[in-house]
Amino acid sequence: TADGRILKETEGYFRHLTVAEGDRVLDLGAHIGGFAVRAALRGGKVWAVEPEPGNCALLQQNVEAKRVRDRVEVLEVAAVVGGSGETALYLARGKNTGNQTLLPTRGRESVMVRSREIQEIMAQAAPTIVKMDCEGAEFALIGAMEWEGVRRALIEVHPGMFGGEGDGKVREARQHLEQAGFRVKAQGGVTPGLRTLLAWRA
């Protein structure tokens with residue numbers, strides 16, 4: 001089920017991301033807060049970025065229910081490259097509300113959502129940990145982000161959304177991270193067509 005997949009994903013994040021008191025955590029693609037809330041409960045200060053209004057409302061509710069409002073700042077925006085404003089968000093079908101994407105997708109309805117330049121978000125959060133699940137937008141973001149100060153990152157990449165160009169985009173993403181001073185490991189994701197890049201400082 002969609003709920004089971006989300007739970008499995010969240011558990012997987014914490015196998016690779018150790019959040020401690022004092023960490024500043026940037027959650028790009030926060031969905032309804034499964035990761036953000038748990039990171040806050042472990043002592044992190046979290047910036048949770050989620051553009052879809054329905055997901056964001058549930059994220060806010062979960063933050064309130066777990067009493068971590070003082071540790072989670074919710075940003076109802078899409079993280080983008082090239083300037084803040086508005087952008088189209090293509091909505092998922094079915095029960096999995098985590099599959100919204102900024103990539104133009106045939107057959108999907110779209111809504112306009114607020115967008116914010118990724119460098120502005122990075123400057124505000126000054127993260128030590130980054131978790132990213134942006135449904136195809138991650139490749140543009142990785143190359144545009146300033147990674148100084150980040151000690152560990154977990155990035156879900158979606159090469160299957162780019163057809164024959166997907167593997168090349170994964171290689172480029174890995175190279176960007178390595179050039180930023182990370183060691184990088186790639187592994188298979190929870191669902192077909194999805195992989196995870198784990199990045200850490202040596």
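**Figure 1. The buried pair Lys131 and Asp27.** In this predicted model, both Lys131 and Asp27 are buried, and the two residues form a salt bridge in which the closest N and O atoms are 2.7 Å apart. Lys131 belongs to strand β7 (residues 129–132) while Asp27 belongs to strand β1, so the pair ties together parts of the chain that are 104 residues apart in sequence. Both residues count as buried because the relative accessible area of such a residue is under 20%. The structure holds seven salt bridges, and two others, Arg151 with Asp23 and Arg195 with Asp167, are shown in the views that follow.

**Figure 2. The salt bridge between Arg151 and Asp23.** Here the side chains of Arg151 and Asp23 meet, with a distance of 2.8 Å from N to O. The pair links distant parts of the chain, since Arg151 sits in the loop between α5 (138–144) and β8 (152–157) and Asp23 in the loop between α1 (2–16) and β1 (24–28), 128 residues apart. Arg151 is partly exposed, with a relative accessible area of 33%, whereas Asp23 is buried, with a relative accessible area of 7%.

**Figure 3. The salt bridge between Arg195 and Asp167.** The side chains of Arg195 and Asp167 meet in a salt bridge at 2.6 Å, again taken from N to O. This pair joins strand β10 (residues 195–201), which holds Arg195, to helix α6 (residues 166–179), which holds Asp167, and the two residues are 28 residues apart. Arg195 counts as partly exposed at 30% relative accessibility, and Asp167 is likewise partly exposed, with a relative accessible area of 40%.

**Figure 4. Helix α2 and the glycine after the helix.** Helix α2 covers residues 34–41, and within this helix Phe35, Ala36, Val37, Ala39 and Ala40 are buried. In an α-helix there are 3.6 residues a turn, so residues three or four places apart point the same way. The helix α2 is followed by Gly43, which has a positive phi near 110 degrees.

Figure 5. Most residues other than glycine have a negative phi. His31, although not a glycine, has a positive phi of about 55 degrees, and this residue lies in the loop between β1 and α2. Arg67 is also a residue other than glycine with a positive phi, in this case near 60 degrees, and lies in the loop between α3 (53–65) and β3 (72–75).

**Figure 6. The whole chain as a setting for the close-up views.** The protein chain has six helices and 10 strands, and its C-alpha trace spans about 45 × 40 × 35 Å along the principal axes. A compact globule of 202 residues would have a radius of gyration near 17 Å, and the 16 Å of the protein chain agrees with this. Of the 202 residues, 48% count as buried, and residues 24 or more positions apart account for 59% of the contacts with a separation of 6 or more. The accessible surface comes to about 9,700 Å², of which 48% belongs to carbon and sulfur atoms. The chain carries 27 positive and 26 negative side chains, and the centres of these two sets lie 6 Å apart.

Technical notes
Residues are numbered from 1 along each chain as its sequence is written. This is a predicted model: local features need pLDDT of at least 70, side-chain atom pairs count only at pLDDT 80 or more; totals for chains, interfaces and linings use all residues. Side-chain values use heavy atoms; hydrogens and water are left out. A salt bridge is a side-chain nitrogen of Lys or Arg within 4 Å of a carboxyl oxygen of Asp or Glu. Helices (H or I, at least four residues) and strands (E, at least two) are DSSP runs, numbered from the N terminus. Buried means under 20% relative accessible area, exposed over 50%, partly exposed in between (1.4 Å probe, protein chains only). The radius of gyration is taken over C-alpha atoms; the globule rule is 2.2 Å times the number of residues to the power 0.38. Contact means heavy atoms within 4.5 Å. Accessible areas come from the Shrake-Rupley method with a 1.4 Å probe; for residues, only the protein chains shown count as cover. Lys and Arg count as positive and Asp and Glu as negative; His and the chain ends are not counted. The place of a charge is taken as NZ of Lys, CZ of Arg, CG of Asp or CD of Glu.
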